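Please keep the sequence and the model at hand while reading.

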Amino acid sequence: MSTRLMHTFGDFVFARLDSYFYQFIQVGQELAHDYNTGLLNNISLNMWSKYLMKKHLYTDSFGIGVYMYDGLYAITVNGAPPNTTISFNTQTKFDTRMSTYSVNSTNNAMIPESLRNVSLFNSTAQSFWEESLKLMDSLGTDSVLGDPYYSAMGAYTLHYSTKVFDPVLYEYGLKKVMGIAKVNISLRAIQQFLKQLQLLNTGYVIVAETNNLVIGGSINTTAINPTSRVSIFDLQDRNAGSLMKQIATTYGNLSNTPNLMEVSSMGVGYSVFRDLYTIENIAWNLFIVIETGEIEESINISTGATVGVAVAVAIVGVLVAVLIGHFTTSRLGQLEQQFMKIKMMEFDKVDFVSSIFKEVDNIFLYLREMTVWLNEIKSFLPESVFLQLKSLTAENVQNATKYEIDEIGSTGSASDQHISASSKSSRRLSKQQFQETDGNSLFKIGLSLKNCSIIRIHLTNFTKSFKGDEITHLFSKISTGLSSISKIIQANFQTLSVDEYQITISSDFSDNRDKRVNQVAIESSLRFLKVITNINETTLNDRGVRINCCIGISSGISLCGNLGSSSFRSFFSVGGAVQNAKTLSTLASELNCHLLADSSTVNEETLPLFVARPVSRLLLEPFLYEKNQSMNVSNIYEVIKENNVEKDEWMYELQQKEVNEKYKEYNSFFLFDRLQQFSNDEDLLEVLKSTCEKMNFYLEKNIEDIAATKLLEVLQYFAKLEVKEYKKCGEPLNQLLFKFHSTLPYTLSNNFHELDYIAVFKSK
């Protein structure tokens, strides 16, 4: 056991010596590398000073620098600790004098006004230059550790030297020696380092050259005369010199001794470990000396500790088993919780923990990888999936009335069912709905009645006016904005194409929302228009083209739910509101408007909440396609913005007053809401003519208002006829105006190109 202990001490000391010397070697190699690669070319003297000082302070060297045939840059330490001074020395090409500067201890820069000149300094005439290059050539290497020498700076030092080469030729693989990079290591610093090593209470370390001159040790190895060195046989501390003499006498010399020895000197027994410590090109004798009695005491303590540990392990074993069981079950419980979050696709809430057990830890590792993949896949899933998952966690809403029929392929017919709509009128089913009856399906197949607001978004010029890379960049921002808005309002978001999108906001008839779906739809659409405005302002392309966004909103009862099969299914909204929203988005493009909504969306409850104006009357589809249900005429409103101003925004309110007055003036032109006020055709005709005159004046100031132009055309049509002509129709004028509406038909037309011109020519 004592042999193993001594070898352990030896490995410990070897490791500490390696770590100490390799820091100097590393810095020397870095210095040479930076020079060879040209990093230090053409830098100022001040930068040289800062660079070398940084390396010097990192290692606490006794000097560091680059010495060349035609110059030098070096940091030198003068004197012996604690009375040392640091200088920056430089010698430029063709200058025989070395310039010396003091160094600023704050920023490591040289102090120009401290210049002192030392005449006739030649790097190639120095002993370290000749010794280093000669040794490198003999060993066939580019770096060496030199033997200790007494430097002109006033202390014994080692030096680590590395060749430096011409940076220009080095880049092409050619090595032309320009000098050496040198790092000085003070023997006094080595001695201070070794004194930090403690081996039990009485143990000590001595490092000496093979010529028996001491490098350093953990005992006092400092020579009385600083210009001389101490022989290992002359050491006085701990009777070390006499002990080494006795060992040398016994074995002939210190280099021939075995690795382990038992020696008695002056009545005290010692265990001595000797080995050769080598680093780079040097080899030194390393001695570790410990009193035999202390080693035996340490072994006895170790044996007692081993017995105590064995007893403790037996006691702790039971406790460890209990703890292992606890840690195992607790981690598995946490794992169960994470799987529940994954089940609900809440990947951002999944917590990844570690375990002391490799198997459990691997499970969490694979869980992390799986979650990352699923999070990537999540962006491809429609928002309806996440809404249905959330609804599964709190299934406390009454089931809406559903259309149901037999499964596909059955011969039975679907029974008629009565449903309750918002108007509470009974309606007989006229269409069948396919509903999957598989009770194990997570997402049920089938449609159910909902109060819905359908938002149809059309970017009219997105695919025609933008390049492919622009579409790629802008689509990510558009989809992110729509997805975020949909999540906030808990709506179903569908991408119909790269320039068309649909958002379905639905609620059951029993929902007690703070806001109705039509109000949420308008607010969300205005929010998305702000997103488009921000995109246009921040990512305007070099051609100045902006995204033109047209939105249509229609609200009413619709059929909503999942349709498909076990291999494919998707969320759909069925009903007239879907087609109406699409029609309104097309009308918005025709009227150069951004947001249009029907009268089911902008009603008595929502109209005071927004700045809106009526722009047209349109024939819209019925909400549910049933027998005897006809299309209906609806006022169409352009929604400009929300009608809310904070108390501290009075200045903004004043600025918007003129804009609001313009819309208020326009609203007075739309007579269709006030037809019941006119029972006399003559009075109504006069109002029509007066309104046309006002609108002409309005359009002079707002010539770009296409909606107003279209409205004027309608009013002028009615105003140009006389009262007696209207009476021929058999209905009063207000009824004729009330029945007026516009349509957006899709018609097929023939185009004969050149033949059309021939027909025109013949007609003339």
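## Terms and basis

Two strands pair if DSSP finds at least two bridges between them. Strands (E, at least two residues) and helices (H or I, at least four) are DSSP runs numbered from the N terminus.

The model is predicted, with local features requiring pLDDT of at least 70 and side-chain atom pairs counted only at pLDDT 80 or more, while totals for chains, interfaces and linings use all residues. Residues are numbered from 1 along each chain as its sequence is written, and side-chain values use heavy atoms, leaving out hydrogens and water.

## Confidence

The protein has a mean pLDDT (the predictor's confidence in each residue, from 0 to 100) of 81, and 83% of its residues reach 70 or more. Over residues 396-440, however, the pLDDT is below 50, although this stretch has 82 contacts in the model beyond near neighbours in sequence; contact means heavy atoms within 4.5 Å. Where pLDDT is low, predicted coordinates should not be read in detail.

An open sheet is formed by 5 strands in the order 11-10-14-13-12, with antiparallel pairing. Strand 11 (214-217) and strand 12 (260-265) each have a single partner strand and stand at the edges, so one side of each is left without a neighbour in the sheet. From one strand to the next, the twist averages 25°.

Within this sheet, strand 13 (residues 268-279) and strand 14 (residues 282-291) run antiparallel and are joined by 10 bridges. Which residue of strand 14 is the bridge partner of Ile279? The partner is Ile282.

## Helices on the sheet

Helix 5 (residues 187-194) packs on the sheet, where it touches strand 10 (204-208) and strand 11, and its direction makes about 35° with that of strand 11. Helix 6 (residues 240-251) lies across strands 10, 12, 13 and 14, running at about 120° to strand 12. Axes are lines fitted to C-alpha atoms, for helices over the stretch in contact, and angles run from 0 to 180 degrees between N-to-C directions.

## The nonpolar core

A nonpolar core is a set of buried Ala, Val, Leu, Ile, Met, Phe, Trp, Tyr and Cys residues joined through side-chain atoms within 4.5 Å; buried means under 20% relative accessible area (1.4 Å probe, protein chains only). The largest such core has 55 residues, and those touching the most other members include Phe21 and Ile190. Helix 1 (residues 2-36) gives this core its largest share, 13 residues. Leaving aside neighbours within four places in sequence, Phe21 is in contact with residues including Ile190, Ile279 and Trp284.

Technical notes: Buried means under 20% relative accessible area, exposed over 50%, partly exposed in between (1.4 Å probe, protein chains only).
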